[in-house]
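Please study the sequence and the model before reading each solution.

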Amino acid sequence: MKNRRTLYILTIAVSIGFIGYTTFTNFIYDPEASRFLRHKTGLKHVSLWLTIMDVHIVAACAAMIAGLINFSKRIRERSAKLHRILGYTYVLAVAIVDLTSGYMAPSSTGGRVNSIAFNFINMIWLVITVIAVVKIRKGKAVEHRKWMIRSYVFVFTNLFTHLITAALHNGIGMDYTLSYTISIYSSIVLLLLLGEAVIRANKIKPELS
């Protein structure tokens, strides 16, 4: 119980920090994303691309908030209706994130190899989320929670990607594009492992058949 509470508080802190930083950076400090776009070549329809990226960011933040609130035991026990509404809000937000990411993927820094990685993330995140929905509709609450954890860790894809890129590029001087490519693929593995680690840390046991 103590480990679960500590992990939840830590997730709240990271989420608030990340949402605050992302909001400030993308909507106040650098709304034209000049630092980010300088690493891209041949990008067309920049204005439309930036609009879609803004939608992507808002949806990602919505998924992060809705999912985080829904992991609260108090919310689940006191208001099943609110839990359900937030759950479907999360699913919708994930779908929007995937759609907007799919639009932006072809212009990913690093080209096709990174575009493939982002499309893979989109596919696996949506599949895992759908599985979580199917589980709860079948009344398997424990399995639902496990799959929601596996899904929720992907809201931190951007955080992991940029942290690893910064460590490789700014930390050891690796080429930015190579750093970015390594960060995307390593993030996929790390996020999948993180989901399983959180499930184990929360001691979520399989339901008896």
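**Exercise 1.** Which helix gives the most to the lining of the second largest pocket?

*Solution.* The model is predicted, so local features need pLDDT of at least 70 and side-chain atom pairs count only at pLDDT 80 or more, while totals for chains, interfaces and linings use all residues. Residues are numbered from 1 along each chain as its sequence is written, and side-chain values use heavy atoms, with hydrogens and water left out.

Step 1. On a 1 Å grid over the protein atoms alone, a pocket is an open set of points where a 1.4 Å probe fits, with protein on both sides within 12 Å along at least five of seven lines; lining residues have an atom within 4 Å of a point. Helices are DSSP runs (H or I, at least four residues), numbered from the N terminus.

Step 2. Describe the pocket. Its volume, the space filled by probe spheres set on the points, is about 740 Å³. Of the 24 lining residues, the closest to the centre are Arg 4, Leu 7, Tyr 8, Ile 9 and Thr 11.

Step 3. Assign the lining to helices. Helix 1 (2-29), helix 4, helix 7 and helix 9 each supply at least two residues. Helix 1 gives the most, with 8 residues.

**Exercise 2.** Determine how many salt bridges the model has, and describe the pair Lys 73 and Glu 77.

*Solution.* Step 1. Apply the rule: a side-chain nitrogen of Lys or Arg lies within 4 Å of a carboxyl oxygen of Asp or Glu. The count is 3 salt bridges.

Step 1. Examine the pair. Lys 73 and Glu 77 form a salt bridge at 3.9 Å, N to O. Both belong to helix 4 (residues 73-78), 4 residues apart, about one turn of the helix.

Step 2. Classify exposure (buried under 20% relative accessible area, exposed over 50%, partly exposed in between; 1.4 Å probe, protein chains only). Lys 73 is partly exposed because its relative accessibility is 43%, and Glu 77 is exposed because its value is 59%.
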